[in-house]
Amino acid sequence: MAWRIGIDSGGTFTDVCLIDEDRGDVHIWKVSSTPDDPSRGIAQAFAEGLSRTGIAARDVGFFGHGTTVATNALIQHRGVRTGLITTEGFRDLLAIGRQKRPHLYDMNADKPQELVTRDLRIGVPERLRGDGSTEVPLDEAALREAVRQLRTAGVESIAVSFLYAFLSGAHERRAAEIVAEEFPEAFLALSHEVAPEFREYERLSTTVVNAYLGPVMRTYVTALKTRLAEAGLPVTPHLTQSNGGVAGFDQAAGLPVRTVLSGPSTGVVAAQALGAMTGIGNLITFDMGGTSSDVALLEGGRCRVVAEAEVHGYPLKAPMLDIHTVGAGGGSIAHVDSGGLLKVGPRSAGAHPGPACYGLGTEEPTVTDANVVLQTQNPKALLNGQMPIDRDLSVAAVERLAGRLGLGVMETADGILDIVTANTAKAIRLISVQRGHDPRDYALVAFGGAGPVHAARLAAELGMDRILIPRTPGVLCALGLLMTDLRTDYAATQIRLLDEAEPADLAEVFEGLAVQARDWFAREGIAPEAQGLNSRVDMRYAGQNYEIAVDLPEGPIDEGSLAALREGFLARHEQLYGFVAEGDAIQMVTYRLQATGVVPKAQMPAFPDAGPDASVARTGQRPVWMREAGGFAETPIYDRTLLRPGNLIEGPAIIDQLDTTTVVPPGMTARVDPYLTLILERST
């Protein structure tokens, strides 16, 4: 018997999922997160998992973990004191950036806090030309003095980012040797290793973020490895990356910038697996937790991997799934702004003190409180009865807000849900409509602790007719950890015209990347039959500032490969921008190789059809405020664990389970598929 364990640590709850590889048995639960020391909460969740299921540590064959440690440290500016060494004359590039405001027409918009203060940014004489050759040799004496100055200033980490280092890392490698001699205990981030791509500001920003987070992640990983070893974990633990794959703890500690979307990425991976099981390839994921909501678009069963994104105001050149986040979760606080309007988020009540109904001191209403008032969520207890709550506290909190707005309590609670729905709908339109996709052509996959509660409202707002609710939606990110592969990415920038390129030139670039991938395969011990490579090229019209990623066909690179790149670029450009520029020169800019180590994955068993009658799962009823009914309506309550394939439920209905609540409004039906997925559809 071999068990696979996935633990996803969020800002409010830590989700745990165990799967028996042989029988497909699934065990899930939630524990409160421990923000003061996340490693303690993870170790406790692991120990509790062994205890609850009665398995021995020696029976664990895989341990995967998703974390928000890097994300939270960046958001809350709790990284370490960091120094920067760069090319002389460019110390202020970090502050200048692209010389544009975050919001063009907002004269009061604040720029994100600089992670390295000006006194800790030092330029040293050195310069490479645009072809990678040396213009000015590295002044080693000046660099040595810079390291000593930073050490005296009390930095814990140093970022080194020289101009054109992506073409030649010689100067940065020599800088690393000097840092090792003068300041060996410092965490060091080199730009040609962190982000070996062009665009100086973005590469610099990414390197600085990596240095800023490095010691934080290293401390966390070290503590967690020790705790897990003491608990008897017999296998190498893995951490989720932003690209949807997992990597060893040591790699994650060295490149923490690649884990800033660690948590939500595995939810998307699990959604991809769900789409494959149901045969629905076009999906929009909606992951609503306690603090935020994450959305992503899957076309043909795949989520796009982007090479650059802005995370909490900081541009990062790191491979990550194309996920968009908004501050809208179950713990988001509703308030009245200075103009007298109702707003929801981004402030959150978090796990402690949590929503008002927790009874831990919060007096401001949250989204969860609004649901408790409307009784779409159980007004007496959450987590399937395991967590008692007080509805009167929710009513009092919403009532105070209603008094300020001059509205009724139910109107205000319903308005809170309307606003959080509008916020998430806006995020989905950003990744769909604004990129040439119609949400009505997609199914909504709702998960996270609050996703199924709000899914029907959101789908109605977007005109979507089908919703998928996974078997374990509240812990889907933890489940996704058990469905993903080892994965890492490599890149190289060489700008050249497509018309002038030779297949041999392209093959040479990718062979250089493949050498790095083979070294990684060897370090990770990945068998040849489990190795996979995926190639793509970032392309643009000459003169454009932004590139489009185009997949390179598998097989030997020849003239047909170049023709396929052209066709792929033109098709993607027309989809995004509505036109192609016939006759304009096309450039190949950055070449990317994703290396994958395929590992055994959790398999969801199919169950036999039990017919449409769901009465065995009905546990009672309660009055639930339904807008479609114009007020409270007696609504049947179902236990999700008792539902079987083929069961059909007509709305209105509430379907409860440990990790979430699914709301089926009037005019929708819910049926159970062979994998115990709930499929909600508009009644015809």
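Buried here means under 20% relative accessible area, and Tyr 541 and Phe 569 are both buried by that cut-off. Keep in mind that this is a predicted model.

**Aromatic rings**

- A pair of rings is described by how far apart the centres are and by the angle of the planes.
- The count of aromatic pairs comes to 5.
- One of them is Phe 510 with Tyr 591: the ring centres are 6.0 Å apart and the planes sit at 90 degrees, so this pair is edge-to-face.
- Phe 510 belongs to helix H15 (residues 503–524) and Tyr 591 to strand S30 (residues 586–597), so the pair ties together parts that are 81 residues apart in sequence.
- Phe 510 and Tyr 591 are both buried.
- Tyr 541 and Phe 569 also make an edge-to-face pair, because their planes are at 80 degrees, with centres 5.1 Å apart.
- This second pair links distant parts of the chain, with Tyr 541 in strand S28 (residues 531–541) and Phe 569 in helix H16 (residues 559–577), 28 residues apart.
- There's a charge over a ring too: the charged end of Arg 4 sits over Phe 62, 4.3 Å from the ring centre.

**Helix packing around H11**

- Helix H10 (residues 367–374) meets helix H11 (residues 391–405) with axes that come within 9 Å and cross at roughly 110 degrees.
- That angle makes H10 roughly perpendicular to H11, and the crossing is left-handed.
- On the H10 side, the contact uses Asp 369, Val 372 and Val 373, while H11 brings in Arg 391, Ser 394, Val 395 and Val 398.
- H11 packs against helix H12 (residues 409–431) as well, at an angle of about 90 degrees and with the axes 8 Å apart, so H11 and H12 are roughly perpendicular to each other.
- Residues of H11 in that contact include Arg 391, Val 398 and Leu 405, and those of H12 include Val 409, Met 410 and Ile 416.

- Most peptide bonds are trans, and most residues other than glycine have a negative phi.
- Gly 345 and Pro 346 are joined by a cis peptide bond with omega about 0 degrees, and Pro 346 lies in strand S22 (residues 342–348).
- Another cis peptide bond joins Gly 651 and Pro 652, with omega about 10 degrees; Pro 652 is in the loop between strand S33 (648–650) and strand S34 (653–657).
- Gln 375 has a positive phi, near 65 degrees, in the loop between H10 and strand S23 (381–382).
- Leu 676 has a positive phi near 70 degrees and lies in the loop between strand S36 (668–672) and strand S37 (678–682).
- Gln 375 counts as buried because its relative accessibility is 12%, and Leu 676 counts as buried at 12%.

Terms used:
Residues numbered from 1 in each chain as written. Predicted model: local features only at pLDDT ≥ 70, side-chain atom pairs only at ≥ 80, totals over all residues. Heavy atoms only, no water. Phe/Tyr/Trp six-rings, centres within 6.5 Å; stacked < 30°, edge-to-face > 60°. Helix = DSSP H or I, 4+ residues; strand = E, 2+ residues; numbered from the N terminus. Buried < 20%, exposed > 50% of the residue type's maximum accessible area, 1.4 Å probe, protein only. Lys NZ or Arg CZ within 6 Å of the ring centre and 35° of its normal. Axes fitted to C-alpha atoms, helices over the stretch in contact; angles between N-to-C directions. Parallel < 35°, antiparallel > 145°, perpendicular 65-115°, else oblique. Left-handed = near helix turned anticlockwise from the far one by under 90°. Contact = heavy atoms within 4.5 Å.
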